Amino acid sequence: MTELNTMQALEVILKEKCKEATKFPRMHNDYFIQYCSFLNKLRVDIYPQIDTGLGVNSKNPGYYTAHNAEHFDEVVRYAGDLLNANIEDIANWKILQPYELYILLVAIRIHDVGNIHGRDDHEKKCFQFLREHSELLGGDTSELKIIARIAEAHGGKVNGSRDTIGTLNTNDLVGTIRIRSRLLAAIVRFADEICENSGRAAKYLLKHGNLPAHNLIYHKYAASILGSVYGSDDKRVNIQFVLTTDDVSQSWGCEDRKQEDGSFINSVYLIDEILDRLEKMDRERKYCNIHTRGTYAVESIRASIEIVDAKTHETLEKIPVPELMDEGYPENVHSSLKVQLKAYCGSDYAAKYITTISGESNGK
Amino acid sequence: MESNIISELKVNPFSVKTPENLSSEELVDLFVPYPEYDNLQLSGHQFLHGHRGSGKSMMLKMMTPGAQCLARGCPLQDLPFYGAYLSIKATEVNSAEYSRIESEPSGFILSEHVLVTKILSSLFVSISAHHTFFSANSELNTKLSNFALSVLYKRLEYVGWDAKKHIAENNTSLSAIIDIFDSLQAETVGYIKRRAFSKDYFPYSGSLLGFQDVLLPVIRALRDNQILPDCPVFFLLDDADNLTLQQTKVLNTWVSYRSTDVVSLKISTQMGYKTFTTSSGIKIEAPHDYSEINFTSVYTGSLKENYPKLVEQIVKKRLRRFGFGDVNPTDFFPVDIDQENDIRAISEEIKERWTSSTTGGYRAGDDAYRFARPEYIRRLSGTSKQGARYKYAGFEQLVHISSGIIRFFLEPAARMFADQIKANNGKTISFISASIQDDEIRQQSDELLISKFDEIKGDAQNDPDISSNLGNIEKLKNLIQGIGSLFQAHIMDERASQRRVFSFVISDHPPKDLEEILKMGVKFGYLYEDATGNKTGMGRTKLYVLSRRLAPAFRLDPMGFSNYLSLKSSFLLEVSENPSKFVNRLRKYGPEKVLIESPQMSLLGEIDHE
């Protein structure tokens, strides 16, 4: 029997569900075997090369946070968390139809592979990639196109709009099987969004100061995440950041970023970055909820940011980040996190810890 | 080709050529704008519903860049929109093979690919046709190259087309781009054909173009690179009824997108658009997703008031173009003088009777004249048996008979013109005689009642995708015969309280099978739909009006009609299934009593469509 190394919950479920042949467009095809063969190919030939491809083929070369096999596994895991995947009771797990689960998993497995050719437009290269490997996936390019569209909606813009999921059909018909394309795309997108952890940071190189200056903040951000979990009971993403005094006392290099006043900056404080990213995560939560509500909804994001002493690791301070959720009358009542937590942002807050550090300039 | 058309128009001023084949100059010269034309030129998805020959194609073709530049007297760059025309009927996308593959996995994706390829191909052909406009700009080649390399080829690569060779050779000419779309189409057609010969499923492995991932970005880039003027592109999709069901759903999905700043879809239908649901099964609705223009008949749209004027303008234009100078259409298509005199005499009789009647009340002279015409028809065809027949002649009568569809005026007019030349032994003509007009109109009526039904049956037998079925065609034929006979009986019955009846409403809730038959009647132009006030005074109800092209077949008065019958579904179904039983009863009881004997409710309602 076909098995996978490091099977995630959704993959265990797929294996079982694939026994229900009538629930797939081509009944004589074993979709689990097909999925395994394809994943094997990805793990052997593609995933190991993505980070290198990303580094050298992007318009802005550098050292990006990891897009390795582990990242794809983790997105599958987060998708399983969102869908309350329970391998103890597979028979009663009916949140997705078997064929939808297959589509979802293939979409997750390829959503970031376009990075192998560089970061730019990477999300638009899913179909091209699937078509190159169509013999491993049944050979029907029309089916691959549907999967690609779902995967491609995980980021970027379609015709100038960030509403990439909205350009998909609510559902698509593959033979006689109907799949909820927008739901699946929203799952891929949000699972990818919350899939951030310290494992993606190049911690060794960070420590030795050997990363390109314009990539530093991304690695610092990833490295500061102690954990990120979704609880299907409280429908909440809990994300925990631990920052050392070294981390907060200085700004970290980034690519040129245009400010509202038209000026450019090339470094940013980590807390500012975290707050921006949390707001972005909340936007993604609201956006994806539009398409997943009815199946599930992520009701809030609860973040904790802890400042610890760089040497003793003793907790010095906890930043009171408000829980990000939908509440009150829907008008623009909340100011941005950076305004609400102004006291923790920018150089003023960094100055509070500057005397405690002895680090060097980090790409400023 | 073009010279043939010009010569044909030179031989016969009413010659009807499909607008697809008219040159921009001819289009502008022959075009008379419908009031809806202004609306059509605004951005936004629109459906144009109209029967075949109602002028939809002409209107769409008039929106193509060549005609627009001439009509507006402006260069291409200043156009407010760029109209790319595609006749669905003239493409192979509606062939039966396409319908067959739709039940297979991912048929929708393939249908979208087929449509996008076809539409983009038509756009590039259109750009190429106006190349002289573009080539005024010496940088065109650079712009094309930039467009192809930075957007088109990249986008096509993303969807599976191998651009390497083109990129390596820097092959970015317009003809190379058109070739790409031709080869993409050939690839799909090849697959579709192979599938038609194979029982076993084998998947499609070619490129797959989509609306969002190729069509929209390509159009944006064409504008950004100034290959197209910086204005919205209107895709003018003619005869969209001919799309397969799945292609229709794909098109509806595009309509549901709010992309009208870049692309607007102007979709014409011949009353047989298959569905208004999208690929996801969601219904698109006006006015949220699109707006609608109906110019199906004199009963709906702007034509209600303006149609006679429109025909007059068209006829004047065509006669002037032919060299007749400023001829009044009423002089060119004269009435039968003797007939009109007789009708006037009857009119005087009626007026006299009303004046002497104590209960008649005041009625205008015009009313008497209108009442006189059916009476004249009765006297000719009824008991008097004079051997003469009513003449369907005179411009006004011809306009009414054409039922709001310009082609139904022009086609018989062209034949009348040819017959008149023959009658004059080739000498110049200055008018069409009443008898030639009458002959032609009667022939047209017979064709509609007999040959057209055979034609519809033939189409239904050959087209697996057609929504109608053979049984319903027969039922429709019976229904039209029955209804026509009923209306005829009213005009022939001197004692009938209402003589001029041309339409009916259904007094109860029609079952699905009857609705199907009526829908088919509307689609094929035997009936027109309108709305009239409900008998209860609450709301509106659907009115079915018999095409006045059938007036000669049932000896009806095409000019005056102001009444409708209220009929039960069971009665209509009976007529459609067993017409002889009804006709026997009609003979036995007469027009008013037959409805009571049927048994069914008989009501007469007053409407004023004149």
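1. At 3% relative accessibility, C254(A) is buried, where buried means under 20% relative accessible area, exposed over 50% and partly exposed in between, with a 1.4 Å probe and protein chains only. The closest cysteine sulfur to that of C254(A) is in C345(A), at 15 Å, which is too far for a bond.

2. This is a predicted model, in which local features need pLDDT of at least 70, side-chain atom pairs count only at pLDDT 80 or more, and totals for chains, interfaces and linings use all residues. Residues are numbered from 1 along each chain as its sequence is written, chains are lettered from A and ligands numbered from 1 in the order in which they are written, and side-chain values use heavy atoms, without hydrogens and water.

3. C36(A) is likewise buried, at 6% relative accessibility. Its sulfur lies 8.6 Å from the closest cysteine sulfur, that of C18(A), and is therefore too far for a bond. Over all chains, the search finds 0 disulfides (pairs of cysteine sulfur atoms within 2.5 Å).

4. The largest nonpolar core comprises 180 residues, and Y102(A), L278(A), L123(B), F147(B) and F235(B) have the most contacts inside it. Such a core is a set of buried Ala, Val, Leu, Ile, Met, Phe, Trp, Tyr and Cys residues joined through side-chain atoms within 4.5 Å. A second, separate core of 98 residues includes L310(B), V315(B), A372(B) and F504(B).

5. Leaving aside neighbours within four places in sequence, L278(A) is in contact (heavy atoms within 4.5 Å) with I239(A), F241(A), I301(A), A303(A), V321(A), L324(A) and L337(A).

6. Of the 610 residues of chain B, 58% are buried.
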